[in-house]
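Subject: Structure handover and notes

Hello,

Please find the structure below, with the sequence. My notes on what was found follow it.

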Amino acid sequence: MSDDYLVRIGKLIRDARQHRGWTQAQLAEALGTSQSAVNRIERGNQNISLEMIARIGEALDSEIVSLGYAGPMHLRVVGGRRLSGAIDVKTSKNACVALLCASLLNKGRTVLRRVARIEEVYRLLEVLNSIGVRTRWINDGVDLELVPPAELELASIDAEAAVRTRSIIMFLGPLLHRMDHFKLPYAGGCDLGTRTIEPHMIALRRFGLDVAATEGQYHARVDRSVRPDRPIVLTERGDTVTENALLAAARHNGVTVIRNASSNYMVQDLCFFLEALGVTVEGIGTTTLTVHGVPNIDVDVDYSPSEDPVEAMSLLAAAVVTESELTVRRVPIEFLEIELAVLEEMGLDHDRSPEYSADNGRTRLIDLTVRPSKLEAPIDKIHPMPFPGLNIDNVPFFAAIAAVASGQTLIHDWVYDNRAIYLTDLNRLGGRLQLLDPHRVLVEGPTRWRAAEMMCPPALRPAVVVLLAMMAAEGTSVLRNVYVINRGYEDLAERLNSIGAQIEIFRDI
């Protein structure tokens, strides 16, 4: 059996196991083998008999033998359908990945409620499992339990999983307190142009961390004599940069002041979680955070991350683009107020419920009902700003919204090098988008969408924007290789089908 087929079979077994909601340890127990053996099988590093494949298929209730290698996932979309009813917003993808990284601060048991079951989370769980963290889905697969080992086994890190997520960069903050030197694979994730880790290092060097990048790895060393003796000023008000600084400050024996900090939704959720660990964080929701660190954290903690404002924007955009009446429930309004203000100026017809609290007791939620509206292009350009400005990840959805509005809309995505280019994929579906430069797109509306078959853009939000346009286009469209969507959305096709879409998932067998 060739190495290539071993890798393919391993990936298929891994996908079947995750679909069942099992950890590698649970599958190993069902097979009467070790977790390390299951890990080797899933990574394609162990010969496997047909008998063993059949046993695995029986344990996972999956026809692995008869299906063979399942190729990339594709979507077949029958467009031109109106959406209706109501749909709940899932928990925040970006908060969940930050909290998974933050669990490395804690020697005790961490339980995270209603964790997003997405590829980004699966990749991080594979990395955590490979270094000795025990994880399992509990309460019918809704919640996630994490128990760390006494000593992390970084030498066994699953590099293949690590390079498929940029979130691995947030291991730096927690790990610098656990070991004097370590290695991590390069960070991956979406293809959004050149993104360095220098803003992270400006903060983390103040805690004694030095990183050299060679041979596809970050080689990290920690000088324990170095301490942040004055406020840390971030040169970039980035979300993950702020999170890494918080993770480093959480176990620093002293008070750390972080200035020019992001106050975005995932950063606030991380701060709330750190408070549950016993860390005092002053200034949550502002650009100056004061962290009173706790050198030793050993508590059993139970935390519920809040809902995802970007998913809420996705569902709102789906209703607008398909000219539907739809109620989106559990919308974190604090992080969508600017977007809704812009949409109101464009003519959006909508109602809002009274505010209520998320399960974390802190984030403000509403239910939002959107109705078909005659939209006009905004007078000013659409551009992102750090919170409380228009969210960087919500900018792409305005490309599809502007395409159904009358007039010209200028979209300026100044943060990422490549993302604006991917928005021009809407032209394949009948859009009229003119790329002015790598950061600016001029959108002409209204649009008569048409069906098409195309490859999924390699960036998460533009990929979803293309899917939404396909839902609005009369006829049948095909979106190929949608792994990038699965990185950030849980069961998106099925959930859209529940409110009236017609999307079929298929693979090349």
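Predicted model: local features only at pLDDT ≥ 70, side-chain atom pairs only at ≥ 80, totals over all residues.

Phe387 is buried, at a relative accessible area of 14%; buried means under 20% relative accessible area, exposed over 50%, and partly exposed in between, with a 1.4 Å probe and protein chains only. Residues are numbered from 1 along each chain as its sequence is written, and side-chain values use heavy atoms, with hydrogens and water left out. Helices (H or I, at least four residues) and strands (E, at least two) are DSSP runs, numbered from the N terminus.

Aromatic rings

The structure holds 3 aromatic pairs. Rings of Phe, Tyr and Trp (its six-membered ring) pair if their centres lie within 6.5 Å; planes under 30 degrees apart count as stacked, over 60 as edge-to-face and the rest as tilted. Phe273 and Tyr303 form an edge-to-face pair, because their ring centres are 5.9 Å apart and their planes stand at 70°. Phe273 belongs to helix α12 (residues 265–276) and Tyr303 to strand β13 (residues 301–303), so this pair ties together parts that are 30 residues apart in sequence. Both Phe273 and Tyr303 are buried.

Phe387 pairs with Phe335 in a tilted arrangement, with 4.9 Å from centre to centre and 45° between the planes. This pair links distant parts of the chain, 52 residues apart: Phe335 is in the loop between β14 (326–332) and α14 (337–346), and Phe387 is in the loop between β17 (364–371) and α15 (395–403). Phe335 is buried too, with a relative accessible area of 5%. Ring pairs join Tyr265, Phe335 and Phe387 into a cluster.

Two arginines lie over rings. A charge sits over a ring if NZ of Lys or CZ of Arg is within 6 Å of the ring centre and within 35 degrees of the ring normal. The charged end of Arg76 is over the ring of Phe506, 4.1 Å from its centre. Arg117 lies over the face of Trp137, at 4.1 Å from the ring centre.

Lys381

Where is Lys381 placed? Lys381 is in the loop between β17 and α15. Its relative accessible area is 39%, so Lys381 is partly exposed. Leaving aside residues up to four places away in sequence, Lys381 touches Leu410 and His412, where contact means heavy atoms within 4.5 Å. From Lys381 to Gly132 the C-alpha to C-alpha distance is 49 Å, and the two are 249 residues apart in sequence.

Helices

Gly132 follows helix α7 and has a positive phi, near 105°. The 12 residues of α7 (residues 119–130) should span 16 Å at 1.5 Å a residue, and the end C-alpha atoms are 16 Å apart, which agrees; the expected span is 1.5 Å times one less than the number of residues. In α7, 12 of 12 residues are buried, including Tyr122 and Arg123.

In helix α3 (residues 35–42), the buried residues are Ala37, Val38, Asn39, Ile41 and Glu42. Gly44 comes after α3, and its phi is positive, near 75°.

Sheets

Strands β1 (residues 73–79) and β22 (residues 475–480) run antiparallel and are joined by 5 bridges. Val78 has Thr476 in β22 as its bridge partner.

Another open sheet of 4 strands has the order β9-β10-β12-β11, again with mixed pairing. Its edges are β9 (232–233) and β11 (280–282), each with a single partner strand, so one side of each is without a neighbour in the sheet. β11 pairs with strand β12 (residues 288–292) in the antiparallel sense over 3 bridges, and the bridge partner of Glu282 in β12 is Thr290. β9 and β10 pair in the parallel sense over 2 bridges, with Val233 opposite Arg259 in β10. In β10, Thr256 and Ile258 make up the covered face, whereas Val255, Val257 and Arg259 make up the uncovered one.

Regards

Technical notes: Pairing = 2+ DSSP bridges.
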